[in-house]
Amino acid sequence: MIDSVQSTPSKMNNNVYTKMRAGIGAVAGTAIPLAIMMKNRKIKNPLKMEYGLQDMLILSGTSVAGGTVAGMIGEDKKTNKNKFKEGVFQFLNASIPTWIVGGVLKLPESSNKFNNPVTKVASVLGGLVVGMFGAAQVSNLVFDPKDKEPDRKLTFKDCLVNADDALGALTLARLPIIQNLHLDTALPAIYAYCGYRAGKTD
């Protein structure tokens, strides 16, 4: 009884430290490449940053890598394996939909007839749905090709976090109403949260 009572605070402390490491790693993984991008483009205000497809893929990858690696420090092999799997899932979930949307958007943009806001929004929505479920399938296939374990399913939180894909995709669409709202300024924070989620996984 005494042992169980004493182990609880220790476990809670470990969880807190893990979350702290994951958070610091994710923020660093987002902030450092963002600072380099800003320096190369001579931009002093991060709110003035304009993101292209390559920028989004880089930031999503570095934020997840930072959170995952930092969260692995001092953990056992089983926990780190789970963190790595979640890191790959978060990266694929953040990058594949954006990549698909970027490709799909080239179709209406290459046609005078279909190069309009309605077609672009439809392309974005279709690309996001295909990309989200496709990312989950790719992740499950990579880590469990023989389907021996339960698949990692998309959760409501995953869909919320995919707001970065929606924002990124709409940014790529260059719709005037979206550009005027400057919603893309939230992309770094959302990418950092993806990295944090991966790093804090047990």
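Leaving aside neighbours within four places in sequence, which residues is glycine 25 in contact with? They are Gly66, Gly67 and Ala70, where contact means heavy atoms within 4.5 Å. Before going on, a word on what you're looking at. This is a predicted model, in which local features need pLDDT of at least 70 and side-chain atom pairs count only at pLDDT 80 or more, while totals for chains, interfaces and linings use all residues. Residues are numbered from 1 along each chain as its sequence is written, and side-chain values use heavy atoms, with hydrogens and water left out.

**The overall picture**

The protein has 9 helices and 0 strands; both are DSSP runs numbered from the N terminus, helices being H or I with at least four residues and strands E with at least two. Of its 202 residues, 41% are buried. Buried means under 20% relative accessible area, exposed over 50%, and partly exposed in between (1.4 Å probe, protein chains only).

The protein averages 80, and 80% of the residues score at least 70. Helix H2 has the highest confidence, at a mean of 92, and helix H6 (residues 156-161) the lowest, at 61. Over residues 1-7 the pLDDT stays under 50, and the model has 0 contacts there beyond four places in sequence. Where pLDDT is low, the predicted coordinates should not be read in detail.

**Two residues to look up**

| Residue | Helix | Relative accessibility |
|---|---|---|
| Glycine 25 | H1 (residues 2-40) | 10% |
| Threonine 68 | H2 | 6% |

Glycine 25 counts as buried because its relative accessibility is 10%.

Not counting residues up to four places away in sequence, threonine 68 touches Lys83, Phe84, Gly87, Gly195, Ala198 and Gly199.

**H2 against H3**

Helix H2 (residues 53-72) packs with helix H3 (residues 77-104) at an angle of about 170°, their axes 9 Å apart. Axes here are lines fitted to C-alpha atoms over the stretch in contact, and angles run from 0 to 180 degrees between N-to-C directions. Among the residues making the contact are Val64 and Thr68 of H2, and Phe84 and Gly87 of H3.

Technical notes
pLDDT = per-residue confidence, 0-100.
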